[in-house]
Amino acid sequence: MEALAHAHLNLRSSNLSADNQHIGAPLIRSPFVSSNQKFGTIWKVRMAAQSGVDVKHEEPAIKPGSIGKAVVVGAGPAGCVMSLYLLRRGFHVHVFERRSMIDESKLKGDPRSYPILMTKRGIKAIEAAGLELPSSLMKRQVGNCTHLPNGKKMKVDYYSGPGIQSSIASRNGLVAFLQQSLLERDSENLSLYFGWEISTIEDTTSTAKFFRNQKYTNEVENNVDGKTKLDEIEVEFDLLIGADGVSSKVRSELLRLDEIYSSTRDNPKKSQIKLDFIENPRMYKSFYIRPSLAKESAFIVDHDRVQSWRTLNMMLINVADGSFWGGTLNEELISASSPEDVKRIFRDKAPDVLDLLLRENPLFAEEFCRQSSMKGGGAVTLSKFHHKNIVLIGDAAHAMFPTYGTGCNVALDDCFIFDNILRELTPSDGSKIPYHLATAEFTKRRIEDAHAIVEMNTNFLLFPRNLLGIIQKVFLRALHKWFPTVFRP
């Protein structure tokens, strides 16, 4: 939990958005849904302002849809931002997401809409896609505050040099904003499919099959002409991007195809792609404090800091809407079998937090016992991120433990890097991009950094382990203070 208090913990969980009318249907200019159908407004999407943004904003292609057909699997942060890049570059884009579209009205009070860290790197990638993050989504963080057993506090400020700052955003709130941004793209070259899961990929024909995810379908859906919709869709692609998370099915298909490809070559050898997956053994539970109650609590004094209780492996974060999100990794608390045990543990370690939670919900202890504990993701290391014209980005390529809260920013940076590769490789004569070269170049540029950051989060490499490490860290900070342009933290 020391790492949890030091940095923002990007705890992983499922999108628990409710089923809605969009499930299983492509949402924009598709055969199933009218182009003028209204889906409700979440946020008004604005183009990013040019001033103060150190990224190049490019105009969309002259002939949208003329570059090629792209399939994006996954409509999380990376999948949505990558889709926006592809549209601006001139692709016809199909986006498939196995879950329902996130309903913004259902986010408030959902403890699993966990906060994530947003840094300059991730924000830059979103702005380069033509978006401006609304202030209502972001909450500036200046440091952490550890509540000690003796009632005192220990505060540590984050580094905040020129152009560097840390903010907190609700993960599901961010996804809702990005999905809505796609919906507002009035384009004949975009189709969104929610409630569809990938089945198989064929690299010889460049086709992908998807099936309806019944878990996110609550009724038999009919086409606008009254006919029953298909339970399977097959799509041709020039480029397929897997952005479907730590349990990526695109990754499984990529490994399968690579193994077949390797075994059928003239000189058979083992698969070229190696996968190393480490499951995070830690589980967590979370809780929520509504904005009005959070504002009245004593903890609001440190609203711009990640607050933690080391004895409970617990954190409390004030997010942009004013509410508190809390999470704990404490095994005794997570495995408590009775409400009395929950109250006893909280009362011994953090009585003020317990009082606040009982004011929020008198049945908090009972509901906390019934709450299913959630996994903290896993660590994925791949020897390659691509196979022919298929490429993995984000957690599908390099999932990491939430030690430093870097996962989302790295995933968004993937989009920025891959878009630059596509720009560089786009022929000036209007011919098609050599997609197999683009995917291979992404592996070449990204593999070393990805491996390093996964290892850093897995092995807590930023923390000094002994006296020598502490001295080294203090010395490096002093050097940065004296020579800020030469030594960066």
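I take buried to mean a relative accessible area under 20%, and on that basis I count Asn-144 as buried, because its relative accessible area is 4%. I keep in mind throughout that this is a predicted model.

**Entry 1: the chain as a whole**

I looked up the overall make-up and found 14 helices and 21 strands in the protein chain. Of its 489 residues, buried ones make up 55%. I then turned to contacts between residues at least 6 apart in sequence, and noted that 75% of them join residues at least 24 apart.

I started from Asn-144, which is found in strand β5, residues 143-147. Which way do the residues of β5 point? I found Gly-143, Cys-145 and His-147 on one side, with Asn-144 and Thr-146 pointing the other way, and all of them buried. Since five of the five residues of β5 are buried, I describe the strand as largely enclosed by the rest of the structure.

I next looked up the pairing partners of β5. With β6 the strand pairs in the antiparallel sense over five bridges, and in that pairing I see His-147 opposite Lys-153. The hairpin of β5 and β6 has five residues between the strands, and I noted that Gly-151 there takes a positive phi near 90°. With β15 the pairing of β5 is parallel, over four bridges, and here Cys-145 stands opposite Gln-307. I also checked the distance from Asn-144 to Val-306, which comes to 4.5 Å between C-alpha atoms although the two residues are 162 apart in sequence.

**Entry 2: salt bridges**

How many salt bridges does the structure hold? I have 20 on record for the structure, and I looked at several of them individually.

In the pair of Asp-302 and Lys-153, the closest N and O atoms are 2.8 Å apart. I count Asp-302 as buried because its relative accessibility is 2%, while Lys-153, with a relative accessible area of 41%, is partly exposed.

Arg-305 and Asp-157 form another salt bridge, for which I noted 2.7 Å between the closest N and O atoms. This pair again links distant parts of the chain, with Arg-305 in strand β15 and Asp-157 in strand β6, 148 residues apart. Is each partner buried or exposed? Arg-305 is buried at a relative accessible area of 12%, but Asp-157 is exposed at 53%.

For Glu-197 and Lys-249 I found the closest N and O atoms 2.8 Å apart. Glu-197 lies in strand β9 (residues 196-202) and Lys-249 in helix α5 (residues 249-263), so a strand and a helix that are 52 residues apart in sequence at these positions are tied together by the pair. I list Glu-197 as buried, at 12% relative accessibility, and Lys-249 as partly exposed, at 36%.

I also noted a network of salt bridges that links Arg-121, Asp-413, Asp-414 and Arg-446.

**Entry 3: the six-stranded sheet**

I followed an open sheet of six strands in the order β8-β2-β1-β12-β21-β20, and its pairing is mixed. Its edge strands are β8 (190-194) and β20 (386-387), each of which pairs on one side only. Between β2 (residues 91-97) and β8 I found a parallel pairing joined by five bridges, in which Ser-191 of β8 is the bridge partner of His-94. I then looked for what lies across β1 (68-73), β2, β12 (239-242), β20 and β21 (390-392), and found helix α13 (residues 435-459), which runs at about 25° to β21.

**Entry 4: α2 against α3**

The crossing of α2 and α3 is left-handed. Which residues make the contact? From α2 I listed Val-81, Tyr-85 and Arg-88, and from α3 Ala-125, Ile-126 and Ala-128. By class, the residues of this contact are five nonpolar, no polar and one charged.

Key: Residues are numbered from 1 along each chain as its sequence is written. This is a predicted model: local features need pLDDT of at least 70, side-chain atom pairs count only at pLDDT 80 or more; totals for chains, interfaces and linings use all residues. Side-chain values use heavy atoms; hydrogens and water are left out. A crossing is left-handed if the near helix is turned anticlockwise from the far one by less than a right angle, and right-handed if clockwise. Helices (H or I, at least four residues) and strands (E, at least two) are DSSP runs, numbered from the N terminus. Contact means heavy atoms within 4.5 Å. Ala, Val, Leu, Ile, Met, Phe, Trp, Tyr, Cys and Pro count as nonpolar, Asp, Glu, Lys and Arg as charged, and the others, Gly among them, as polar. Two strands pair if DSSP finds at least two bridges between them. Axes are lines fitted to C-alpha atoms, for helices over the stretch in contact, and angles run from 0 to 180 degrees between N-to-C directions. A salt bridge is a side-chain nitrogen of Lys or Arg within 4 Å of a carboxyl oxygen of Asp or Glu. Buried means under 20% relative accessible area, exposed over 50%, partly exposed in between (1.4 Å probe, protein chains only).
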